[in-house]
Amino acid sequence: MKTKHTVIKLFPLLIFFWAQHVNAQNSYYFPNAKNLDNSIPTPEQFLGYPIGSFFTRHDEVVAYFKQLAAVSNRVHVQVIGKTNENREQIIATVTSPENYNRLEQIRQEHLNQVDPSKPVLGNSSPIVILLGYGVHGNETSSTEASLLAGYYLAASQDAETLRWLKEAVIFIDPSLNPDGRDRAANWFNAYHSEPPVADPLDKEHVEQWPAGRTNHYFTDLNRDWLSLVQVESRNRIEFFHQWYPNVQIDFHEQGANATYYFEPSPARHYSPVIPKFLYDEVIALSKYNAQALDGIGSLYFTKEGYDNLSPIYGSTYPKFYGAIAATYEQASSRGIQQESSNGLLTFQFTIRNHLTTSFSTIRGAVAEKANFFKAQKDFFKYALNEGRKDVTKAFVFGDSSDVTLTQNFLSLLLQHHVQVYELNGNLTVGATTFTKGKAYIVPSAQPNYLIVHSLFEDNILDDSIYYDNTAWNVIEAYGLKFGKITGAFAKGNEVTAASVAEGTVEGGLSNYAYIASYTDYNATRALYSLLDKNILVKIANKPFAINTAAGKRPYGYGTLVVPVAGQSISADSLYKALQEVTASAHINFTTVATGYNIEGIDLGSSNIVTVRKPKVAIAFGQGITSSEAGQVWFLLSQQLNLPATKLDLSSFQRASLNRYNVIVLPGGSYNAFDKETVEKLKTWVNDGGTLITFQTASAWAIQQKIVDETLKAAAFAGRGGELQPSTQQASSQQNAAFRNRQQSGREDTAAAPASGQNADKQQSAETRQDFARKEEVEGAKRINGAVFVSDLDTTNPLAYGITSRKLFINKNGSTILWPSKNRYATVAQYTDKPFVNGYAPKVSISSVANSAAIISANSGRGNVVLFADDPTYRGYWLGTSRLFLNALFLPNDVGRFGGQQ
């Protein structure tokens with residue numbers, strides 16, 4: 001047994017060995033450090049394990065930076081918001097005490113960079129650098145690197161570090177995606193082995209669905225910088241616009257068999273609207289990264305892959321505000337260590353590379369700051385001049401019948417610090433009239449013109465090698481009315497904040513009924529709120545008009561009708577409930593005292609039908625496209641406050657489906673469903689259920705004969721894959737027969753396979769290519785998030801509330817549907833010239849032309865709603881998501897009014 005005296009004797013030895021271990025880690029991560037302040041705790045001393053031996057949870061990351069702030073006058077921490085899982089988003093500000101004492105003065109000086117009329121910053125001003133780590137939660141090395149970067153900047157006494165602190169304000173965002181970070185960290189730590197297992201097939205390296213890349217709602221936050229759907233993005237953008245950093249870096253990971261990537265990206269992926277001189281400055285910064293990685297013997301590559309043209313990414317959004325911004329990508333060990341084609345890849349190695357480029361970025365930014373200051377100033381001058389030269393002098397947007405959507409888009413513009421003005425009076429552009437007080441004007445001639453261009457303008461791309469969305473303007477995604485002004489225009493006062501409609505019951509208590517237009521985006525929110533209160537709500541399948549003190553007031557398809565008779569509560573309680581709903585949904589109901597309408601149907605018509613409360617299950621789990629499942633979950637939670645069941649595929653067989661009246665199948669693979677489960681789903685639909693399917697799930701539902709519709713082409717190659725002929729369209733005779741049945745006269749552009757000798761010649765002609773052209777040729781076959789336009793039947797219940805027949809749709813897959821045999825069931829059909837925005841190959845455009853975008857088909861007493869595409873795409877396609885929301889409530893009415901085949 002050891003005595004107390006023995007322990008005391010051993011204690012100095014423990015301290016010695018601990019110090020030796022810490023020094024070994026420091027020599028690996030900081031090989032050139034000569035003078036580190038021992039009063040500053042290393043991450044290892046604080047956490048209790050060496051960096052790179054475990055995955056640090058987000059709360060520990062936050063705690064360490066707060067500890068640095070407590071012991072160092074160089075480090076200061078602020079909370080910029082919280083995530084959906086209540087984790088803090090923090091920014092650590094690292095600079096000299098002298099700079100921090102005048103931080104607000106420095107900020108105000110930097111804000112002058114946005115104003116082209118003010119002089120460029122002088123060399124005495126510190127450069128502002130923002131280092132953003134881990135926007136993809138399972139790209140884990142960067143957040144660990146942020147801990148070491150924070151430590152070194154707090155502890156180093158080297159002359160170079162002191163210069164950095166004097167000449168820069170460095171912002172560290174250690175974890176851009178806290179919720180995804182912890183999902184990944186928990187996985188890797190749970191399957192941590194001692195000794196580590198390097199086999200790529202070990203469970204540690206193979207995360208299960210949905211993995212840690214995305215946030216709480218499975219959203220890729222590195223696609224959310226422009227649309228700002230998620231709370232993390234909105235918090236981050238608010239901070240960004242307080243500073244307009246001169247340099248901003250987005251740290252990522254890539255496949256284990258890669259090396260290290262930093263920009264410049266390929267010139268063909270430069271944005272056509274960003275001035276080249278800004279990309280040239282990124283090249284200047286890259287030389288410092290190359291020198292640093294050369295110094296530690298790390299391989300790297302540049303000028304290959306990675307899109308760099310749209311403001312949806314964390315490395316490109318800052319470029320639209322004049323920053324020298326870039327993506328850095330490190331090969332990922334996805335665990336403590338993993339075999340790779342470059343040898344054994346360790347977590348520590350991946351961390352060191354990101355740490356090295358963190359410091360080389362600071363080094364380069366400080367050295368080049370005069371050039372970077374000038375580039376940012378020149379950028380805003382350039383943007384203003386480009387806006388002045390644009391043939392479109394201003395954009396006008398707004399819909400008097402949809403205040404919610406108008407204000408939502410206004411809010412988005414203001415979050416991006418776009419200059420927006422009121423209308424002086426009613427304005428007609430083309431065939432659209434915009435109403436004063438309900439619409440707004442956005443001049444092109446403003447310093448933030450390039451972000452205005454991105455939000456409003458189409459971009460037609462002729463290059464084919466892109467790996468993500470090629471269309472990103474938001475106005476089409478919102479489905480909001482807008483116009484372009486090419487001549488002189490007048491503007492009213494500048495708008496500084498979006499407003500929220502009060503929402504009220506016009507006319508007070510009624511003993512008869514209340515009605516509300518369905519055109520506002522929040523009408524579905526009000527509808528579900530009422531149904532959730534067990535209030536009887538009806539919906540009008542035909543228009544009518546009532547008489548008011550102000551004259552005739554028309555009400556269109558989908559008008560909500562709440563009768564007083566037949567309710568389970570008193571008239572007074574009903575009125576009180578309606579007041580609560582109108583206040584929370586921000587829409588108006590109107591009191592009516594008679595069911596007799598001056599035009600159209602009366603309130604007692606059989607064309608005004610009762611709406612059922614949706615009880616929704618969403619297919620979740622391995623095989624499902626997690627982003628689509630997350631988008632549906634997000635939409636139902638945030639827009640409707642509807643508690644949908646997230647039903648794992650493995651649970652379908654034993655689940656009692658009768659507790660749901662709506663089941664949503666996002667895109668993905670449903671091979672996990674055995675024959676009995678498919679039959680169970682068919683029976684559920686036939687008994688009155690509503691099945692809603694996206695993309696490949698729509699193809700699957702047709703192939704399983706859950707619904708009697710027909711595929712034109714299916715995405716067998718996966719998301720964004722090459723268009724391939726459907727097995728159900730294998731013969732030209734079948735295609736011809738189907739076309740005759742349709743009596744449409746359209747040709748099948750997804751050609752049937754050739755046969756015999758001609759087939760051999762065709763195959764040879766189509767496939768013989770130089771190997772070096774493989775990426776170019778195969779990339780040209782993909783549809784990567786292009787915008788297409790369809791004709792929408794606005795009288796169909798799925799389209800209630802939408803007043804324009806022109807429906808823009810984002811297409812990022814290759815499921816293509818024939819129009820329904822039931823001539824009334826094709827809700828939206830792509831036009832004969834459907835391509836609008838982005839990049840799409842000609843053969844794909846031809847295949848999409850005249851195909852069905854949305855079908856609502858009867859099956860027994862139920863319905864199957866087939867979306868050829870993803871209507872909830874990335875959470876910001878509100879124009880199509882409202883059709884999805886309608887599908888929850890309304891599709892059972894289609895059969896009643898659909899007529900005969």
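1. A charge is taken to sit over a ring if NZ of Lys or CZ of Arg is within 6 Å of the ring centre and within 35 degrees of the ring normal. In this predicted model, Lys712 and Trp818 are one such case: the charged end of Lys712 sits over the ring of Trp818, 5.3 Å from its centre. Lys491 and Tyr421 are another, with the charged end of Lys491 over the Tyr421 ring at 4.2 Å from the ring centre.

2. Aromatic pairs number 57 in the structure. One of them joins Tyr244 and Tyr321, whose ring centres are 5.8 Å apart and whose planes make an angle of 35°, a tilted arrangement. Tyr244 belongs to the loop between α9 (231-243) and β5 (247-254), while Tyr321 belongs to the loop between α10 (276-295) and β7 (324-331), so this pair ties together parts that are 77 residues apart in sequence. Tyr244 and Tyr321 are both buried.

3. A further pair is formed by Tyr670 and Phe673. The planes of these two rings stand at 50° with centres 5.6 Å apart, so the pair counts as tilted. Tyr670 has a relative accessible area of 1% and is therefore buried. Phe673, at 8%, is buried too.

4. Tyr244 and Tyr321 also belong to a cluster linked by ring pairs.

5. Where does Gln567 lie? Its place is the loop between β21 (560-563) and α17 (571-585). The relative accessible area of Gln567 is 13%, so this residue is buried. A polar atom of the Gln567 side chain lies 2.8 Å from the backbone oxygen of Pro563. With neighbours within four places in sequence left aside, Gln567 is in contact with Ile535, Leu536, Val562 and Leu574.

6. Two helices deserve a separate point. Helix α16 (residues 523-532) packs against helix α18 (residues 626-640) at an angle of about 80°, and their axes are 9 Å apart. That angle makes the two helices, α16 and α18, roughly perpendicular, because the range for this class is 65 to 115 degrees. On the α16 side the meeting residues are Thr524, Arg525 and Tyr528. On the α18 side they are Gln638, Gln639 and Leu640.

Conventions
Residues are numbered from 1 along each chain as its sequence is written. This is a predicted model: local features need pLDDT of at least 70, side-chain atom pairs count only at pLDDT 80 or more; totals for chains, interfaces and linings use all residues. Side-chain values use heavy atoms; hydrogens and water are left out. Rings of Phe, Tyr and Trp (its six-membered ring) pair if their centres lie within 6.5 Å; planes under 30 degrees apart count as stacked, over 60 as edge-to-face and the rest as tilted. Helices (H or I, at least four residues) and strands (E, at least two) are DSSP runs, numbered from the N terminus. Buried means under 20% relative accessible area, exposed over 50%, partly exposed in between (1.4 Å probe, protein chains only). A polar contact is a pair of N or O atoms within 3.5 Å; within protein, one must be able to donate a hydrogen and the other to accept it, and residues adjacent in sequence count only if both atoms are side-chain atoms. Contact means heavy atoms within 4.5 Å. Axes are lines fitted to C-alpha atoms, for helices over the stretch in contact, and angles run from 0 to 180 degrees between N-to-C directions. Angles under 35 degrees count as roughly parallel, over 145 as roughly antiparallel, 65 to 115 as roughly perpendicular and the rest as oblique.
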